[in-house]
Amino acid sequence: MAKLFEPYTIKNVTFKNRIAMAPMCMYQSDGKDGKVTDWHRVHYPSRAVGQVGLIIIEATSVQPEGRISYGDLGIWQDSHIEGLAEIVRLMKLHGSKTGIQLAHAGRKATVDGAMAPSAIAFNDNYETPAEMTESDIEATIQAFKDGAVRSQAAGFDVIEIHAAHGYLINEFLSPLTNKRSDEYGGSAENRYRLLRRVIDAIKTVWSGPLFVRISAHDYQDGGMTPDQYVEMVKWMKEQGVDLIDVSSGAVVPAKIHAYPGYQVNFAETIKHQADIATGAVGLITSPLHAEEILQNDRADLILIARELLRDPYWPYRAAKELGTEIESPVPYERGWI
């Protein structure tokens, strides 16, 4: 059997294969309250029918002012649980494990009330955010904790903390966006403090698999690099994080030379230097490429993003190309149903 289709277990959760759907914003909520719509009820279960092992739904905001847009899903109130539980049920019906990415957009929010570690706009197209006060920080940490409680109530198997792509936690981690002079700015340990406290808060209410998505490279002088992230990832491991979802970029405007697998080396560096499981993501579209990454021990999971938007049944194609038989949904086995 191809390694891509070997089961993978974290804690007490077993994914039937190493294929994960990376979280991708769909901007299809009800546009007001951040609730699940029919789009989500079709979109996510379709990938479960396609035999994706782990489906991590889109960035889901822990605070209303932390939305990237008014089309984002939310988890800042109990009324969100019902809709999220419904899509969890539909995904699990077809054998996929389910994950949620808890997020706060920080200065990249386009809704009212954008906040950030420092009052610096992302670019000329964004409003200048308010610099977060201590009370803002405390409220945000509590919101992540409350989001974890609601995630558990909705039945998710995995929680991922969004600390990448220039959103709030990433803004605290990078010296390019964090110019604070208090205990949350300056040294690497101080810039890590918000994420440390968010992880600790979530761990008090969540015992399942915990992922963190990072932007391993800022692509600008003075910014974070994979080698610098190794230190922070070691701290994450000590706190009980199980896997690092390794992406890159988007904390500041930067030119990125993207090509198939351009971020895999970052996942490999983090995996071996920090001794922690990683997920590789970034223009991975070929089953052979995915298999190479796993066979050469460069990552532990393969996160597929846009390719799963184009082809919800990518795992079937991958199994065929890699010469592996995989189980089909019962109606596919019984053509007369």
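Modeller: Helices (H or I, at least four residues) and strands (E, at least two) are taken here as DSSP runs, numbered from the N terminus. The model is a predicted one, in which local features need pLDDT of at least 70 and side-chain atom pairs count only at pLDDT 80 or more, while totals for chains, interfaces and linings use all residues. Residues are numbered from 1 along each chain as its sequence is written, and side-chain values use heavy atoms, with hydrogens and water left out.

I begin with Gly66, which belongs to the loop between β4 (54-61) and β5 (73-74). Its relative accessibility is 4%, and Gly66 therefore counts as buried (buried means under 20% relative accessible area, exposed over 50%, and partly exposed in between, with a 1.4 Å probe and protein chains only). Leaving aside residues up to four places away in sequence, Gly66 is in contact with Ser61, His104 and Ala105 (contact means heavy atoms within 4.5 Å). The C-alpha atom of Gly66 is 6.1 Å from that of Ala109, although 43 residues separate the two along the chain.

In soluble globular proteins, nonpolar side chains tend to be buried together.

His165, in the loop between β9 (158-163) and α4, has a positive phi of about 60° although it is not a glycine.

Rings also pair with one another (for Phe, Tyr and the six-membered ring of Trp, centres within 6.5 Å, with planes under 30 degrees apart stacked, over 60 edge-to-face and the rest tilted). The model holds six aromatic pairs by this rule. In one of them, Phe172 and Tyr184, the centres are 6.3 Å apart and the planes stand at 75°, so the pair is edge-to-face. Because Phe172 lies in helix α4 (residues 168-173) and Tyr184 in the loop between α4 and α5 (188-191), the pair ties together parts 12 residues apart in sequence. Phe172 and Tyr184 are both buried.

In α6 (residues 193-203), Leu194, Leu195, Val198, Ile199, Ala201 and Ile202 are the buried residues. They fall within an arc of 165° when seen down the axis, so they line one face of α6 (the arc is that of the directions from the helix axis to the C-beta atoms). In α8 the buried residues are Val264, Phe266, Ala267, Ile270, Lys271 and Ala274. Their arc around the axis is only 160°, which puts them on the same side of α8. They pack against β10 (210-215), α7 (226-239), β11, β12 and α9.

Helix α9 (residues 287-295) has Pro287, His289, Ala290, Glu291, Ile293 and Leu294 buried, and their cover includes α8 (264-274), β12 (277-281), β13 (301-304) and α11 (314-321). Leu4 touches Ala290, Glu291 and Leu294, among other residues. At the start of α9, a side-chain oxygen of Ser286 comes within 3.2 Å of the backbone nitrogen of Leu288. Positive phi values follow both helices: near 55° at Asp275 after α8, and near 60° at Asp297 after α9.

At 0% relative accessibility, Asp245 counts as buried. Residues up to four places away in sequence aside, Asp245 touches Pro23, Glu160, Val212, Arg213, Ile214, Gly279, Val281 and Leu303.

Notes: Polar contact = N/O pair within 3.5 Å; in protein donor to acceptor, adjacent residues only side chain to side chain.
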